[in-house]
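Please consider the structure shown below. The paragraphs that follow lead through selected contacts between its side chains.

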Amino acid sequence: MVPPDGPTTAATAGQPALAEPRVAVVILNWCRPVETMACLRSVMRLDHGNIDVVVCDNASGDGSLESILADAAEALPGINAARQARGFAPFALQQTPSYENAASGQRLTIVPTGRNGGYAFGNNVGIRIALQDPRIEHVWVLNNDTQVDPASLSHLVTLMTQRPDVGICGAKVLYASENSRVQTLGGGHFMPWRGRSIQIGEGLAADAPVDAANVEAQLSYVNGAAAFVRRAVIDKVGYMNEGYFLYWEEIDWAMRMRTHGQYRLGFCPDARVYHQVGSSTGSSDHDIPSLGSTYWMTRSKFRFLHLHRPLTLLTAYPLLFRTVLREMRAGRGPRGRIMLRAAFGLSMPSN
């Protein structure tokens, strides 16, 4: 299931597009051009008019970049006609970031990052491009396997405008394959002595009543699939930590933000994002993940613990050994061995 295509009434409806806070949406592609274009189309249908979009390709090497450029160029006339009918400025497609005459419209920038440096690296390229424009007030980092409800961004902007203490805000993330069910409300809760996190609200009905304040009280991080970040947070805290190739970069970001003490995490229940979980990485919320996903999840977890929660290692390693033993007994020896390699910083086997 995907979000509806039609316009939706939003808190900022009726305002001139450029009176709205300017937002940059950053989308990272790696070998999934079809999913990326679906995400991009949903973003360009948002009812918040004052947005720039940056799509980065992490050296896919499969023609993704060329495919996305061609599909975007083909789709843009129709999308721009619909935007202009609603009083929004059209997107100008560019392959080289340029900020001359920026006031004349909105930018859709599609660029290569140069290498596959991981999730944090690729998104940081897009964020740096976006923040070259001093007018950008917020950055919305979206997984390329998400699609967004047309009103979602307007709700996020309204919350951040009303609550200047919120530095990173999460949405209601729903499973794309069954959009009546919640993947996570905003993000997750980290349990230090278990060295693991749980997704808040997972499995709830999409329209079940939600106590947003209670969700925020539990939040340790905002789901990286849809993280809405105030520019001032990036200015103070910095970009995502590129030492994480995949996973755990969002909890690292949240932890670093909280050390400054000025900002908190927020949750916007009216902002809906539909997530096709793990389509690019082989991860899964409910099935056994791929060996690559297992490796990076384990490696990033222990990197985070070493950096931020070293005492937790006293319990994390025994729990790891117990998990590895369970994998061996279940006949999943390769998975158990790759977890050990990752936890001790050894490279992933090439085959």
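Arg83 is placed over the face of Phe91, 4.2 Å from the ring centre. A charge sits over a ring if NZ of Lys or CZ of Arg is within 6 Å of the ring centre and within 35 degrees of the ring normal. This is a predicted model, in which local features need pLDDT of at least 70 and side-chain atom pairs count only at pLDDT 80 or more, while totals for chains, interfaces and linings use all residues. Residues are numbered from 1 along each chain as its sequence is written, and side-chain values use heavy atoms, with hydrogens and water left out.

The next topic is salt bridges, in which a side-chain nitrogen of Lys or Arg is within 4 Å of a carboxyl oxygen of Asp or Glu. The whole structure contains 14 salt bridges. One of them joins Arg107 and Asp133, at 2.7 Å from N to O. Because Arg107 belongs to strand β4 (residues 106–112) and Asp133 to the loop between α3 (119–130) and β5 (136–143), this pair ties together parts that are 26 residues apart in sequence. Helices (H or I, at least four residues) and strands (E, at least two) are DSSP runs, numbered from the N terminus. Both Arg107 and Asp133 are buried, a term for under 20% relative accessible area, with exposed meaning over 50% and partly exposed in between (1.4 Å probe, protein chains only).

Asp133 also meets Arg135 in a salt bridge of 3.0 Å, N to O. Arg135 is partly exposed, its relative accessible area being 35%. Arg22, Asp52, Arg107, Asp133 and Arg135 are linked in a network of salt bridges.

A further salt bridge connects Glu216 with Arg163, at 2.8 Å from N to O. Glu216 lies in helix α5 (residues 212–218) and Arg163 in the loop between α4 (152–162) and β7 (166–175), so parts that are 53 residues apart in sequence are tied together. Glu216 is buried, with a relative accessible area of 7%, whereas Arg163 is partly exposed at 25%.

Which kinds of contact do aromatic rings form here? The structure has 10 aromatic pairs. Rings of Phe, Tyr and Trp (its six-membered ring) pair if their centres lie within 6.5 Å; planes under 30 degrees apart count as stacked, over 60 as edge-to-face and the rest as tilted. Phe190 and Trp248 form an edge-to-face pair, with 6.0 Å from centre to centre and 85 degrees between the planes. Since Phe190 lies in strand β9 (residues 187–191) and Trp248 in the loop between α6 (231–237) and α7 (249–260), the pair ties together parts that are 58 residues apart in sequence. Phe190 and Trp248 are both buried. Tyr295 and Trp296 also pair edge-to-face, at 4.9 Å centre to centre and 85 degrees between the planes, and both residues are buried. Phe302, Tyr317, Phe321 and Phe344 make up one aromatic cluster.

Finally, the cysteines may be considered. There are zero disulfides in the whole structure, a disulfide being a pair of cysteine sulfur atoms within 2.5 Å. For Cys56, the nearest cysteine sulfur is that of Cys39, 13 Å away. Cys56 counts as buried because its relative accessibility is 0%. The sulfur of Cys169 is 5.4 Å from the closest cysteine sulfur, in Cys268, which is too far for a bond.
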